[in-house]
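Open your viewer and get ready to click along with this tour. Each stop tells you what to select and what you will find there.

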Amino acid sequence: MLPAITAPAPAPVEAKAEVAIPLKKEVKSEDYEPMTDSKNVKKFVEDYFADIPLMVQIAGCESRFRQYKNGNVIRGEINNKDVGVMQVNEHYHAATALKLGIDIYSIDGNVAYARYLYEKEGARPWMSSSACWAKFKESEIARR
């Protein structure tokens with residue numbers, strides 16, 4: 001009979017400090033009701049775009065932080081194809097938003113599509129209101 005062979009003991013493992021990765025807070029309009037109050041809309045937009053302050057300024061200039069008026073989504077005063085707090089133009093963007101599963105007529109969808117646009121094109125889609133929000137640095141306006 002052969003003698004029993006024991007495996008060497010594993011080397012001690014140093015305790016690693018766990019690193020907490022901060023999760024982005026999910027911002028939902030239902031936590032800011034009623035969305036007919038521009039103060040609530042402003043707080044929602046500020047929290048949603050906490051990482052892109054320029055978008056908060058754009059929302060203020062474009063819609064004065066309004067999403068609904070008399071129970072309907074607001075439309076642009078100059079171009080009635082612009083809808084919602086971020087004044088997303090439905091003529092140019094409704095089909096793409098639909099393909100992405102985003103409802104630009106709801107406030108959650110309106111800001112989500114605005115983020116998508118900003119990530120693709122920077123602030124260019126809102127240049128018509130830039131006289132109002134152009135107090136920002138060029139690097140904040142044209143990310144890409």
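Helices (H or I, at least four residues) and strands (E, at least two) are DSSP runs, numbered from the N terminus. With that in hand, select N80, which sits in the loop between β2 (72–73) and β3 (82–83). Before going further, note that this is a predicted model, in which local features need pLDDT of at least 70, side-chain atom pairs count only at pLDDT 80 or more, and totals for chains, interfaces and linings use all residues. Residues are numbered from 1 along each chain as its sequence is written, and side-chain values use heavy atoms, with hydrogens and water left out.

**Around N80**

Is N80 buried, exposed or partly exposed? At 49% relative accessibility, N80 counts as partly exposed; buried means under 20% relative accessible area and exposed over 50%, with partly exposed in between (1.4 Å probe, protein chains only). Now show its contacts (heavy atoms within 4.5 Å). Not counting residues up to four places away in sequence, N80 touches R75 and E90.

**The whole chain**

Zoom out and colour by secondary structure. The chain has six helices and four strands, in the order α-α-β-β-β-β-α-α-α-α from the N terminus. Of its 144 residues, 38% are buried.

**Helix α2**

Next, select α2 (53–63). Nine of its eleven residues are buried, so α2 is largely enclosed by the rest of the structure. Among these buried residues are L54, M55, V56 and I58. Step just past the helix to R64, which takes a positive phi of about 55°.

Go back to S63, which lies in α2 and is buried, with a relative accessible area of 0%. What does the side chain of S63 lie close enough to for a polar contact? A polar atom of that side chain is 2.8 Å from the backbone oxygen of V85. (A polar contact is a pair of N or O atoms within 3.5 Å; within protein, one must be able to donate a hydrogen and the other to accept it, and residues adjacent in sequence count only if both atoms are side-chain atoms.) Beyond its neighbours within four places in sequence, S63 is in contact with I74, G84 and V85.

**N110 in α4**

Select N110 in helix α4. N110 counts as buried, at 0% relative accessibility. Its side chain reaches the backbone oxygen of V83 at 3.0 Å. Leaving aside neighbours within four places in sequence, the contacts of N110 include Q67, G84, V85, M86 and D103.

Centre on V45: setting aside neighbours within four places in sequence, V45 is in contact with V56, A59, F65, V85 and V111.

**Last stop: the lining of the largest pocket**Finish with E62, G76, D82, Q87 and S128, which lie nearest the centre of the largest pocket among its 22 lining residues. On a 1 Å grid over the protein atoms alone, a pocket is an open set of points where a 1.4 Å probe fits, with protein on both sides within 12 Å along at least five of seven lines; lining residues have an atom within 4 Å of a point. The largest share of this lining, three residues, comes from α2.
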